[in-house]
Amino acid sequence: MIDGHRVMMNLLQSSVKALKKYNMDFLLYWWPLRVASITLDISEVCNQVCVFCDRRIRFLESGKKPRFWDYDTFVRASRVFRYYSIVTFAGGCGEPLLNPYIRDILKYLRLKNPGVKVRILTNGVTLSPELFDEIKDYVDIIRFSINAFSENVYNELVIGSSFDRVMKNVSYVGNNKRKGLKVIVSYIGMRMNIEEFPLMVERADEMGIDEIHLQALSERGMDKVKGESLVRYPELLKSIWDKSREIVENRHLRVKLSVFDAYKAVIEGKKADVEEVGERGIARGNKVVIPGDGETRYCLAPFYSTIVDIEGNVVPCCSRTVPGDKKFGNILYDKVPPIKNRSFYNLRRALLTGELPDFCKYCNRAPVTKVESFKHEIYERFMASVRNIKF
């Protein structure tokens with residue numbers, strides 16, 4: 001009997017290999033084969049203000065009335081979700097769980113897209129035991145934003161904080177999660193809070209936390225975060241990271257530690273820049289290294305990420321160098337899913353050729369790399385996704 005899956009797989013792989021050197025359009029057209037995530041900003045309502053959250057700060061300064069998606073708006077947007085592997089509920093300047101339709105939204109998403117993973121990013125204030133028990137069957141990943149492990153430091157970072165409530169909610173979620181639901185803590189490290197990172201690691205298993213992500217600070221919020229990036233304090237960062245890993249290893253904890261962005265580069269002994277943004281969105285402070293001939297930015301965002309604002313407008317990443325009037329589609333009105341539209345296609349091509357638009361040239365979030373090595377990695381990632389296709 002002929003194995004149809006194997007035949008289709010061999011044909012597709014042969015086609016890609018044959019076109020690899022001659023026609024990158026083939027890869028760009030078929031990308032992403034459901035390997036991307038889409039992040040939805042469904043609420044501008046929030047119950048606290050973090051000193052490093054420049055979007056929330058700017059929103060409050062604007063005096064605008066906060067909005068949120070209603071149920072019908074979500075249903076309208078949901079036609080594109082089948083092209084993605086993960087749907088994330090976040091808030092550019094709000095808390096997604098404060099959307100009054102969140103229960104119905106999550107139920108509808110699970111019913112209509114059972115194969116898509118659902119992720120919620122939350123500050124933890126609203127995720128009470130009662131709410132969690134209602135939604136836990138519709139969620140696969142809950143990521144808490146927690147950036148201190150003592151009330152004093154927490155209060156320094158969060159205006160209108162609810163430290164005790166957040167800690168209790170995290171513990172309840174972690175210890176009452178269903179099988180397959182993952183609990184993650186995102187910890188934005190800075191000089192004023194990094195000493196507390198090992199304390200969270202020590203308590204992670206007890207609180208039912210599966211992973212802790214150490215993320216880099218972007219110095220673009222309130223004045224108090226200026227000078228706080230740990231890129232400026234490499235020895236301190238390395239010391240705390242090594243101490244935290246030793247705690248996991250010596251105590252045989254099951255929590256997984258990960259470090260991202262510029263902090264990963266610092267720990268690995270590589271050069272990293274402090275992310276600052278000037279009036280026109282061009283990075284200032286440290287000098288930005290612009291890619292030269294045969295170079296590009298090592299950026300996976302247009303291949304794996306779609307970010308949607310409260311009005312349905314789309315961007316491929318959250319870099320502040322992207323002009324505010326630069327749009328990559330709108331999921332409420334466009335017939336073509338964002339990851340497949342011409343703007344995303346052109347941006348992926350730009351990264352694979354080194355012919356970058358200015359907002360990529362001057363973005364210091366993504367390091368400079370050789371065009372050929374980036375092409376090779378994208379090709380290998382594409383082939384890995386092909387091998388997981390089910391015909």
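H252 is exposed, with a relative accessible area of 71%. You'll find H252 in the loop between α10 and β9, and its phi is near 55°, a positive value in a residue other than glycine. That's worth a second look, because most residues other than glycine have a negative phi. One thing to keep in mind as you look around: this is a predicted model.

**The whole protein**

- Start with the inventory: the protein has 15 helices and 13 strands.
- The chain runs to 391 residues, and 52% of them count as buried.
- Take the contacts between residues at least 6 apart in sequence: 75% of these join residues at least 24 apart.

- Which strands make up the open sheet, and in what order? There are nine of them, running β9-β8-β7-β5-β4-β3-β1-β11-β12, with mixed pairing.
- The two edges belong to β9 (256-259) and β12 (314-315). Each of these has a single partner strand, so one side of each is left without a neighbour in the sheet.
- Helix α10 (residues 234-250) packs on the sheet, where it touches β8 (211-216) and β9. The direction of α10 makes about 160° with that of β9.
- Elsewhere in the sheet, β4 pairs with strand β5 (residues 141-145) in the parallel sense, over four bridges.
- If you want a specific pair to look for, I120 has I142 in β5 as its bridge partner.
- As a bit of background, strands of a sheet pair through backbone hydrogen bonds, either parallel or antiparallel.

- Helix α5 covers residues 102-112, and its buried residues are I102, I105, L106, Y108, L109 and R110.

**Two buried loop residues**

- Q48 sits in the loop between β1 (37-41) and β2 (49-50).
- Is Q48 buried or exposed? Its relative accessibility is 5%, so Q48 counts as buried, the cut-off for that label being under 20%.
- Leaving out neighbours within four places in sequence, Q48 is in contact with R56, N123, V125, Y154, V158, I159, G160 and S161.
- V231 is the other one to look at, in the loop between β8 and α10. At 14% relative accessibility, V231 also counts as buried.
- Not counting residues up to four places away in sequence, V231 touches A262, Y263, V266, A272, D273 and V274.
- V231 and A265 are 34 residues apart in sequence, yet their C-alpha atoms are 9.1 Å apart in space.

**Salt bridges**

- How many salt bridges are there? The count comes to 19.
- One of them joins E44 and R67, with the closest N and O atoms 3.1 Å apart. This pair links distant parts of the chain: E44 is in the loop between β1 and β2, while R67 is in the loop between α3 (54-62) and α4, 23 residues apart.
- The two partners sit in contrasting surroundings. E44 is buried, with a relative accessible area of 5%, whereas R67 is partly exposed at 35%.
- Another salt bridge joins the side chains of K270 and E268, at 3.2 Å from N to O. K270 counts as exposed at 53% relative accessibility, and E268 counts as partly exposed at 43%.
- Back with E44 and R67, salt bridges that share partners join these two and E311 into one network.
- D133 and K136 form a salt bridge too, and here the closest N and O atoms are 3.8 Å apart. D133 is partly exposed, with a relative accessible area of 36%.

Note on methods:
Residues numbered from 1 in each chain as written. Predicted model: local features only at pLDDT ≥ 70, side-chain atom pairs only at ≥ 80, totals over all residues. Heavy atoms only, no water. Buried < 20%, exposed > 50% of the residue type's maximum accessible area, 1.4 Å probe, protein only. Pairing = 2+ DSSP bridges. Contact = heavy atoms within 4.5 Å. Axes fitted to C-alpha atoms, helices over the stretch in contact; angles between N-to-C directions. Salt bridge = Lys/Arg side-chain N within 4 Å of Asp/Glu carboxyl O.
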